[in-house]
Amino acid sequence: MKRLIQLRLILNYANHFQTDVKTPLPVIFEFVHNLDKDRVKQLFRTFAKTPVAKKVFASDKTVIDLIKTGSFAPGTFGACYKEWMANDKLEDVFSAYYPTNSKSKLSKFLHTAVMEHDIIHFINGYDTSTFGEIGVLAFNLAREWRASYASILYASALMAFRNTFNPHKYPKVGFWKNFIHNPFIVFCRTVIEAWRRGKRAPWFMTVDWEAYLNVDLQIVKKELNLVEPPRYWSKIAPMWAKVHKQYLEYSLRKK
(Lines give C-alpha, C1' and ligand atoms only; values in the text may rest on other atoms or scores of the structure.)
Protein backbone atom coordinates (compact mmCIF):
# COMPACT_ATOMS: atom_id res chain seq x y z
CA MET A 1 0.00 0.00 0.00
CA LYS A 2 2.82 2.42 0.89
CA ARG A 3 4.46 1.81 -2.50
CA LEU A 4 1.19 2.61 -4.28
CA ILE A 5 0.86 5.86 -2.30
CA GLN A 6 4.46 6.70 -3.13
CA LEU A 7 3.92 6.05 -6.85
CA ARG A 8 0.74 8.15 -6.86
CA LEU A 9 2.49 11.07 -5.19
CA ILE A 10 5.48 10.86 -7.56
CA LEU A 11 3.32 10.84 -10.69
CA ASN A 12 1.08 13.61 -9.34
CA TYR A 13 4.08 15.78 -8.50
CA ALA A 14 5.82 15.12 -11.82
CA ASN A 15 2.80 15.69 -14.06
CA HIS A 16 0.60 18.33 -12.49
CA PHE A 17 2.81 21.04 -11.00
CA GLN A 18 5.04 23.72 -12.45
CA THR A 19 7.59 22.93 -9.77
CA ASP A 20 10.37 24.38 -11.88
CA VAL A 21 8.74 27.76 -11.16
CA LYS A 22 7.78 27.33 -7.51
CA THR A 23 7.83 24.18 -5.41
CA PRO A 24 4.35 23.71 -3.85
CA LEU A 25 4.97 23.32 -0.10
CA PRO A 26 1.58 21.69 0.62
CA VAL A 27 2.49 18.93 -1.84
CA ILE A 28 5.93 18.49 -0.27
CA PHE A 29 4.36 18.06 3.15
CA GLU A 30 1.88 15.58 1.68
CA PHE A 31 4.92 13.45 0.78
CA VAL A 32 6.30 13.83 4.31
CA HIS A 33 3.05 13.04 6.11
CA ASN A 34 2.22 10.01 3.95
CA LEU A 35 5.66 8.42 3.67
CA ASP A 36 7.70 9.39 6.72
CA LYS A 37 5.55 8.71 9.78
CA ASP A 38 7.50 5.68 10.99
CA ARG A 39 10.83 7.08 9.84
CA VAL A 40 10.35 10.33 11.76
CA LYS A 41 9.79 8.29 14.94
CA GLN A 42 13.04 6.40 14.29
CA LEU A 43 14.95 9.62 13.63
CA PHE A 44 13.51 11.18 16.78
CA ARG A 45 14.69 8.23 18.89
CA THR A 46 18.15 8.38 17.31
CA PHE A 47 18.38 12.14 17.79
CA ALA A 48 17.18 11.90 21.42
CA LYS A 49 20.26 9.85 22.33
CA THR A 50 22.74 12.53 21.18
CA PRO A 51 24.37 15.22 23.39
CA VAL A 52 22.89 17.94 21.16
CA ALA A 53 19.36 16.61 21.77
CA LYS A 54 19.78 16.86 25.54
CA LYS A 55 20.82 20.50 25.10
CA VAL A 56 17.93 21.23 22.72
CA PHE A 57 15.34 19.58 24.98
CA ALA A 58 16.57 21.45 28.07
CA SER A 59 16.48 24.91 26.47
CA ASP A 60 13.47 27.22 26.19
CA LYS A 61 15.04 28.97 23.18
CA THR A 62 15.95 27.55 19.80
CA VAL A 63 19.22 28.36 18.04
CA ILE A 64 17.22 30.49 15.61
CA ASP A 65 15.81 32.49 18.55
CA LEU A 66 19.37 33.10 19.77
CA ILE A 67 20.49 34.19 16.30
CA LYS A 68 17.55 36.55 15.79
CA THR A 69 18.08 38.31 19.12
CA GLY A 70 21.86 38.03 19.41
CA SER A 71 24.73 40.24 18.32
CA PHE A 72 27.76 38.62 16.70
CA ALA A 73 31.11 39.73 15.32
CA PRO A 74 31.31 40.11 11.53
CA GLY A 75 32.34 36.92 9.76
CA THR A 76 31.10 34.59 12.48
CA PHE A 77 28.57 31.85 11.85
CA GLY A 78 25.96 33.72 13.89
CA ALA A 79 26.41 37.02 12.03
CA CYS A 80 26.51 35.45 8.55
CA TYR A 81 23.52 33.21 9.17
CA LYS A 82 21.52 36.09 10.62
CA GLU A 83 22.24 38.16 7.51
CA TRP A 84 21.36 35.23 5.25
CA MET A 85 17.99 34.72 6.98
CA ALA A 86 17.15 38.42 6.57
CA ASN A 87 18.09 38.49 2.88
CA ASP A 88 16.33 35.25 1.93
CA LYS A 89 13.06 36.08 3.73
CA LEU A 90 12.47 32.44 4.60
CA GLU A 91 8.92 31.17 4.96
CA ASP A 92 7.81 30.13 8.45
CA VAL A 93 7.36 26.51 7.43
CA PHE A 94 7.18 25.18 10.98
CA SER A 95 4.22 27.26 12.15
CA ALA A 96 2.25 26.42 9.00
CA TYR A 97 2.75 22.66 9.04
CA TYR A 98 3.73 21.69 12.60
CA PRO A 99 1.25 23.44 14.94
CA THR A 100 2.33 21.40 17.97
CA ASN A 101 3.25 22.28 21.54
CA SER A 102 6.52 24.21 21.20
CA LYS A 103 7.78 22.92 24.57
CA SER A 104 7.44 19.22 23.77
CA LYS A 105 10.51 17.20 22.85
CA LEU A 106 8.95 16.18 19.53
CA SER A 107 8.21 19.78 18.64
CA LYS A 108 11.77 20.80 19.46
CA PHE A 109 13.04 17.95 17.30
CA LEU A 110 10.87 19.11 14.38
CA HIS A 111 12.04 22.70 14.84
CA THR A 112 15.64 21.44 14.67
CA ALA A 113 14.86 19.45 11.51
CA VAL A 114 13.48 22.57 9.78
CA MET A 115 16.58 24.51 10.85
CA GLU A 116 18.77 21.67 9.51
CA HIS A 117 17.20 22.10 6.05
CA ASP A 118 17.89 25.84 6.05
CA ILE A 119 21.46 25.46 7.31
CA ILE A 120 22.17 23.01 4.47
CA HIS A 121 21.09 25.78 2.08
CA PHE A 122 23.29 28.31 3.88
CA ILE A 123 26.48 26.28 4.35
CA ASN A 124 26.52 24.97 0.77
CA GLY A 125 25.25 28.11 -0.98
CA TYR A 126 22.25 26.32 -2.51
CA ASP A 127 19.54 28.80 -3.46
CA THR A 128 15.81 28.12 -3.16
CA SER A 129 15.27 27.37 -6.85
CA THR A 130 14.21 23.87 -7.87
CA PHE A 131 17.78 22.71 -8.43
CA GLY A 132 18.95 24.35 -5.22
CA GLU A 133 16.30 22.36 -3.33
CA ILE A 134 17.39 19.20 -5.14
CA GLY A 135 20.91 19.78 -3.84
CA VAL A 136 19.60 20.20 -0.28
CA LEU A 137 17.51 17.01 -0.41
CA ALA A 138 20.38 14.93 -1.84
CA PHE A 139 22.78 16.32 0.78
CA ASN A 140 20.27 15.51 3.54
CA LEU A 141 19.60 11.99 2.27
CA ALA A 142 23.28 11.11 2.51
CA ARG A 143 22.97 11.14 6.32
CA GLU A 144 19.24 10.96 6.97
CA TRP A 145 17.27 8.68 4.67
CA ARG A 146 13.63 9.67 4.16
CA ALA A 147 11.24 8.06 1.69
CA SER A 148 9.58 11.44 1.10
CA TYR A 149 12.81 13.18 0.07
CA ALA A 150 13.84 10.27 -2.15
CA SER A 151 10.40 10.26 -3.80
CA ILE A 152 10.61 13.99 -4.49
CA LEU A 153 13.95 13.38 -6.20
CA TYR A 154 12.45 10.54 -8.26
CA ALA A 155 9.63 12.87 -9.36
CA SER A 156 12.10 15.67 -10.08
CA ALA A 157 14.16 13.29 -12.24
CA LEU A 158 11.04 12.57 -14.30
CA MET A 159 10.34 16.29 -14.68
CA ALA A 160 13.95 17.03 -15.60
CA PHE A 161 13.89 14.30 -18.25
CA ARG A 162 10.60 15.63 -19.65
CA ASN A 163 11.83 19.22 -19.67
CA THR A 164 14.94 18.16 -21.59
CA PHE A 165 12.62 17.75 -24.60
CA ASN A 166 10.82 21.07 -24.06
CA PRO A 167 13.12 23.68 -25.66
CA HIS A 168 10.52 26.46 -25.16
CA LYS A 169 11.65 26.59 -21.53
CA TYR A 170 15.29 27.17 -22.39
CA PRO A 171 16.98 30.57 -22.55
CA LYS A 172 18.59 31.29 -25.90
CA VAL A 173 22.24 30.64 -25.06
CA GLY A 174 23.29 28.52 -28.02
CA PHE A 175 23.09 24.84 -28.91
CA TRP A 176 26.17 23.66 -26.96
CA LYS A 177 25.24 25.41 -23.71
CA ASN A 178 21.68 24.16 -23.98
CA PHE A 179 23.07 20.65 -24.43
CA ILE A 180 25.45 20.64 -21.44
CA HIS A 181 22.94 22.51 -19.25
CA ASN A 182 19.92 20.41 -20.12
CA PRO A 183 17.73 19.68 -17.10
CA PHE A 184 18.41 15.96 -16.78
CA ILE A 185 22.20 16.31 -16.86
CA VAL A 186 22.07 19.18 -14.37
CA PHE A 187 19.77 17.14 -12.12
CA CYS A 188 22.08 14.12 -12.10
CA ARG A 189 25.27 16.08 -11.50
CA THR A 190 23.68 18.22 -8.79
CA VAL A 191 22.40 15.14 -6.94
CA ILE A 192 25.74 13.30 -7.17
CA GLU A 193 27.75 16.29 -5.95
CA ALA A 194 25.37 17.06 -3.09
CA TRP A 195 25.22 13.41 -2.00
CA ARG A 196 29.01 13.21 -1.84
CA ARG A 197 29.17 16.42 0.21
CA GLY A 198 26.55 15.07 2.60
CA LYS A 199 28.51 11.86 3.06
CA ARG A 200 31.62 13.88 3.88
CA ALA A 201 29.90 16.04 6.49
CA PRO A 202 28.42 15.06 9.87
CA TRP A 203 24.66 14.66 10.32
CA PHE A 204 23.66 18.30 10.79
CA MET A 205 21.05 17.35 13.42
CA THR A 206 23.92 16.30 15.70
CA VAL A 207 25.96 19.51 15.26
CA ASP A 208 25.95 21.91 18.21
CA TRP A 209 25.17 25.05 16.21
CA GLU A 210 24.84 27.15 19.36
CA ALA A 211 28.51 26.48 20.14
CA TYR A 212 29.42 27.83 16.68
CA LEU A 213 27.54 31.15 16.90
CA ASN A 214 30.67 33.19 17.70
CA VAL A 215 33.08 31.11 15.60
CA ASP A 216 34.42 32.33 12.24
CA LEU A 217 32.28 30.84 9.46
CA GLN A 218 35.27 29.47 7.54
CA ILE A 219 36.46 27.60 10.64
CA VAL A 220 32.96 26.14 11.02
CA LYS A 221 32.97 24.97 7.39
CA LYS A 222 36.42 23.46 7.85
CA GLU A 223 35.27 21.47 10.87
CA LEU A 224 32.28 20.26 8.87
CA ASN A 225 34.59 19.17 5.98
CA LEU A 226 32.78 21.66 3.73
CA VAL A 227 35.28 24.49 3.46
CA GLU A 228 35.11 24.46 -0.36
CA PRO A 229 31.78 25.39 -2.01
CA PRO A 230 30.15 22.82 -4.32
CA ARG A 231 32.10 23.29 -7.55
CA TYR A 232 29.50 22.09 -10.02
CA TRP A 233 26.68 23.99 -8.35
CA SER A 234 28.75 27.19 -8.22
CA LYS A 235 29.37 26.87 -11.96
CA ILE A 236 25.81 25.98 -12.93
CA ALA A 237 23.89 28.36 -10.63
CA PRO A 238 24.25 31.54 -12.78
CA MET A 239 23.02 29.66 -15.86
CA TRP A 240 20.09 28.20 -13.97
CA ALA A 241 19.11 31.62 -12.66
CA LYS A 242 18.47 32.47 -16.34
CA VAL A 243 16.68 29.17 -16.87
CA HIS A 244 14.43 29.78 -13.85
CA LYS A 245 13.47 33.20 -15.25
CA GLN A 246 12.73 31.60 -18.61
CA TYR A 247 10.59 28.93 -16.93
CA LEU A 248 8.57 31.63 -15.18
CA GLU A 249 7.99 33.58 -18.40
CA TYR A 250 7.01 30.37 -20.19
CA SER A 251 4.58 29.47 -17.42
CA LEU A 252 2.92 32.90 -17.53
CA ARG A 253 2.51 32.70 -21.33
CA LYS A 254 0.74 29.36 -21.01
CA LYS A 255 -1.88 30.70 -18.58
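**Entry 1: I123 and the cores**

I started at I123 and listed its partners, skipping residues up to four places away in sequence: I123 touches F77, F204, L217, K221, L224 and L226. For me, contact means heavy atoms within 4.5 Å. I then asked which residues have the most contacts inside the largest nonpolar core. They are F77, Y81, I123, F204 and W209, in a core of 50 residues. I also noted a second, separate core of 11 residues, with L43, V52, F109 and W203 among its members.

What counts as a core here is a set of buried Ala, Val, Leu, Ile, Met, Phe, Trp, Tyr and Cys residues joined through side-chain atoms within 4.5 Å. Buried means under 20% relative accessible area, exposed means over 50%, and partly exposed is in between (1.4 Å probe, protein chains only). As background, nonpolar side chains tend to be buried together in soluble globular proteins.

A note on the ground rules: this is a predicted model, where local features need pLDDT of at least 70, side-chain atom pairs count only at pLDDT 80 or more, and totals for chains, interfaces and linings use all residues. Residues are numbered from 1 along each chain as its sequence is written, and side-chain values use heavy atoms, with hydrogens and water left out.

**Entry 2: the whole chain**

I counted elements next and found 14 helices and 0 strands. Both kinds are DSSP runs numbered from the N terminus, helices being H or I with at least four residues and strands being E with at least two. Of the 255 residues, 49% count as buried. Among contacts between residues at least 6 apart in sequence, 72% join residues at least 24 apart. The protein exposes about 13,800 Å², and carbon and sulfur atoms supply 60% of that area. Accessible areas come from the Shrake-Rupley method with a 1.4 Å probe, and for residues only the protein chains shown count as cover.

**Entry 3: α3 against α4**

How do helix α3 and helix α4 pack, and at what angle? I read off about 95° for α3 (residues 37–48) and α4 (residues 51–58), with their axes 7 Å apart. Axes are lines fitted to C-alpha atoms, for helices over the stretch in contact, and angles run from 0 to 180 degrees between N-to-C directions. The two helices are therefore roughly perpendicular to each other. On this scale, under 35 degrees is roughly parallel, over 145 roughly antiparallel, 65 to 115 roughly perpendicular, and the rest oblique.

On the α3 side I found F44, F47 and A48, which meet V52, A53, K54, V56 and F57 in α4. The residues of this contact divide into 7 nonpolar, no polar and 1 charged. Nonpolar here covers Ala, Val, Leu, Ile, Met, Phe, Trp, Tyr, Cys and Pro; charged covers Asp, Glu, Lys and Arg; the others, Gly among them, are polar.

T206 lies in the loop between α12 (183–200) and α13. I looked up its partners beyond four places in sequence and found T50 and V52. T206 and T50 are 156 residues apart in sequence, and 6.8 Å apart in space, C-alpha to C-alpha. At 31% relative accessibility, T206 counts as partly exposed.

Is N140 buried or exposed? N140 is buried, with a relative accessible area of 2%. Its place is helix α9 (residues 130–141), and it is in contact with E116, I120 and Y149, leaving aside neighbours within four places in sequence.

N163, in helix α10, is also buried, at 5%.

A157 is in helix α10 (residues 147–164). Not counting residues up to four places away in sequence, A157 touches F184 and F187.

I28 belongs to helix α2 (residues 25–35) and is buried, with a relative accessible area of 14%. The C-alpha atoms of I28 and Y149 are 8.7 Å apart, and the two residues are 121 apart along the chain.

**Entry 4: N225**

My last stop was N225, in the loop between α13 (217–223) and α14 (231–254). Phi of N225 is near 65°, a positive value in a residue other than glycine. At 43% relative accessibility, N225 counts as partly exposed.
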